[in-house]
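Subject: Structure for your files

Dear colleague,

Here is the structure I said I would pass on. Please look through it first; my notes on what was found follow below.

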Amino acid sequence: MRRPFREAKHERIVEIIDCIFLENQLAIVMEFMGGDNLKKHLSKTPGQGHDKSFTVRFVEDIGSAICHLHSLKLIHRDVKPENIFVSIFLINLFLILAKNR
């Protein structure tokens, strides 16, 4: 299996440790991320939204991660709130690199 994930190290991308097949399904082994995905995080305060600084930081963090992937000629293919982690440690946003591969 080709392993482009090794090159995709970035402070806003969850590290992929390995990809293995178990009973005809792909299992992705990645670093532990305490916290919720962005969809769950946003649903905790429905209708209240977030301030401008949260939104700007979100766009900057995800944009930076996607630009890094594109510089490596990698495409995420499934960027959505369920695939973005909100870290409980620093409230950083992280992109899950390999969903459904």
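Helices (H or I, at least four residues) and strands (E, at least two) are taken as DSSP runs and numbered from the N terminus. On that basis the elements of the protein chain follow the order β-β-β-α-α-β-β from the N terminus on, with two helices and five strands in the chain.

Two notes on sources. The model is predicted, so local features need pLDDT of at least 70 and side-chain atom pairs count only at pLDDT 80 or more, while totals for chains, interfaces and linings use all residues. Residues are numbered from 1 along each chain as its sequence is written, and side-chain values use heavy atoms, with hydrogens and water left out.

Overall figures

Of the 101 residues in the protein chain, 34% count as buried. Buried means under 20% relative accessible area, exposed means over 50%, and partly exposed lies in between (1.4 Å probe, protein chains only). The accessible surface of the protein chain is about 6900 Å², and 56% of this belongs to carbon and sulfur atoms. Areas are from the Shrake-Rupley method with a 1.4 Å probe; for residues, only the protein chains shown count as cover. Among contacts (heavy atoms within 4.5 Å) in the protein chain with a separation of 6 or more, 56% are between residues 24 or more positions apart.

Salt bridges

A salt bridge here is a side-chain nitrogen of Lys or Arg within 4 Å of a carboxyl oxygen of Asp or Glu. The structure holds six salt bridges. One of them is formed by the side chains of Asp61 and Arg12, at 3.3 Å from N to O. This pair links distant parts of the chain: Asp61 is in helix 2 (residues 52-71), and Arg12 lies 49 residues away in the segment before strand 1 (16-22). Both Asp61 and Arg12 are buried. Arg57 joins Arg12 and Asp61 in a network of salt bridges.

The side chains of Glu82 and Lys39 also meet in a salt bridge, again given as 3.3 Å, N to O. Here too the pair links distant parts of the chain, with Glu82 in the loop between helix 2 and strand 4 and Lys39 in helix 1 (residues 38-43), 43 residues apart. Glu82 has a relative accessible area of 32% and is therefore partly exposed. Lys39 is partly exposed because its relative accessibility is 48%.

A further salt bridge joins the side chains of Asp78 and Lys80 (3.7 Å, N to O). Is Asp78 buried or exposed? Asp78 counts as buried, because its relative accessibility is 18%. Lys80 is partly exposed at 30%.

Nonpolar residues

Ile17, Ile20, Leu22 and Val29 form a nonpolar patch on the surface, with about 310 Å² of accessible area together. Patches are made of residues with over 30% relative accessible area and no salt bridge; like charges are joined within 9 Å, and nonpolar side chains (Val, Leu, Ile, Met, Phe, Trp, Tyr) within 5 Å. Strand 1 gives the largest share of the nonpolar patch, three residues. Ile20 is found in strand 1, and Ile20 is partly exposed, with a relative accessible area of 34%.

Phe85 is found in strand 4 (residues 84-87). Phe85 counts as buried because its relative accessibility is 15%. The C-alpha atoms of Phe85 and Val14 are 8.6 Å apart, with 71 residues of separation along the chain.

Regards
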